[in-house]
Amino acid sequence: MSKLIIANWKMNPDSSEAAKKLAKETDVKGLVICPPYPFLIPVAESIKNAELGAQDVFWKDVGPSTGEVSWHQLKHLGVKYVIIGHSERRQNLGETNEMVAKKLFVALEAEFTPILCVGETKAQKDNGEKYKILAEELNVGLSLLPENVCQPQPIVIAYETIWANGTGDTDNPRDTIQTNSFMKRELLKFNYKCDFKFIYGGSVNSKNAEDFLKHKEIEGALVGGASLKPEEIKEIVKIASK
Ligand code: PGA
């Protein structure tokens, strides 16, 4: 797999027409577009080169779970990737590592490529808790993943410096590489037979993307704000495919 660029549209845009327009304008190979649920179908119908991702998945199959969306509802729409445990869900909705673990398990069973988001807030960073938080998010988040079993699809670990999301600030790429090495060592404590990919998220744009993506240790980017601007995101994909 070459570098992976994930467009996380979050709760944008505000209409189906605008979603179709944005999807058509950013329909490039190497990009995974994750629109809000109501726009999965219009986006699926508008793309030929990009791939489709969802911003979440629920762990149950069917039944009384108001407001949730199951893996097979997503599967029918051609979704290939799912974001799991995004910091905004953890912070705004109290999503826990245990919930994340169940979602990750279901995503793998459904043969989606999961994008597991981990990362520290500003307060955790300032309190020197970054590595403790990352270890917990990985250890609990992956706790339902069987050891010694080969997964057909990779597991993408998106390291989000939460303190940088949407601020224009980013991590120092050297620190990202160090953080990725720490996470790789954590994962080596288990006999996971998976292909883990490590990507970075936090105010990535066309101006700073190269600083991250030129390093082999950073295998892609999770892009929020800049993914809503066609020229920006296409430039990031171009940089990633160099
Ligand atoms: P951002 O968002 O690029 O706007 O910082 C990244 C993310 O949270 O997915």
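How many residues apart in helix 1 are glutamate 25 and lysine 21? I found them four residues apart in helix 1 (residues 16-25), a separation of about one helical turn.

**Entry 1. Basis.** I worked on a predicted model, in which local features need pLDDT of at least 70 and side-chain atom pairs count only at pLDDT 80 or more, while totals for chains, interfaces and linings use all residues. Residues are numbered from 1 along each chain as its sequence is written, and side-chain values use heavy atoms, with hydrogens and water left out.

**Entry 2. Salt bridges.** I looked up the salt bridges, each defined as a side-chain nitrogen of Lys or Arg within 4 Å of a carboxyl oxygen of Asp or Glu. The count by this rule is 15.

I returned to glutamate 25 and lysine 21: they form a salt bridge whose closest N and O atoms are 3.2 Å apart. Helices (H or I, at least four residues) and strands (E, at least two) are DSSP runs, numbered from the N terminus. Glutamate 25 is partly exposed at 33%, and lysine 21 is exposed at 51%.

I then noted a salt bridge between the side chains of glutamate 210 and lysine 242, at 3.4 Å from N to O. Glutamate 210 lies in helix 9 (residues 209-213) and lysine 242 in the segment after helix 10 (230-240), so this pair ties together parts that are 32 residues apart in sequence. Glutamate 210 is partly exposed at 35%; lysine 242 is exposed at 72%.

Within helix 10, glutamate 231 and lysine 234 are three residues apart, about one turn of the helix. Their side chains meet in a salt bridge at 3.9 Å, N to O. Glutamate 231 is exposed at 59%, whereas lysine 234 is partly exposed at 28%. I also recorded one network, in which salt bridges with shared partners join Asp56, Arg89, Glu95 and Lys103.

**Entry 3. Ligand site.** Which residues surround the ligand? I listed Asn8, Lys10, His86, Glu160, Asn165, Gly166, Gly202, Ser203, Leu222, Val223, Gly224 and Gly225. Taken alone, the ligand exposes 280 Å², of which the protein buries 96%; accessible areas come from the Shrake-Rupley method with a 1.4 Å probe, and for residues only the protein chains shown count as cover.

**Entry 4. Loops and backbone.** I looked next at the loop between strand 1 (4-8) and helix 1, which holds proline 13 and lysine 10. The peptide bond from asparagine 12 to proline 13 is cis, with omega near -10°. Lysine 10 has a positive phi of about 50° although it is not a glycine, and it is partly exposed at 24%.

Serine 227 is in the loop between strand 8 (220-223) and helix 10. Is serine 227 buried or exposed? Serine 227 is buried, with a relative accessible area of 1%. Serine 227 and lysine 10 are 217 residues apart in sequence, and their C-alpha atoms are 9.8 Å apart in space.

Glutamate 111 also has a positive phi, near 60°, in a residue other than glycine. I found glutamate 111 in the loop between helix 5 (97-109) and strand 5 (113-118), exposed at 53%.

Conventions. Buried means under 20% relative accessible area, exposed over 50%, partly exposed in between (1.4 Å probe, protein chains only). A residue is near a molecule or strand if one of its heavy atoms lies within 4 Å of it.
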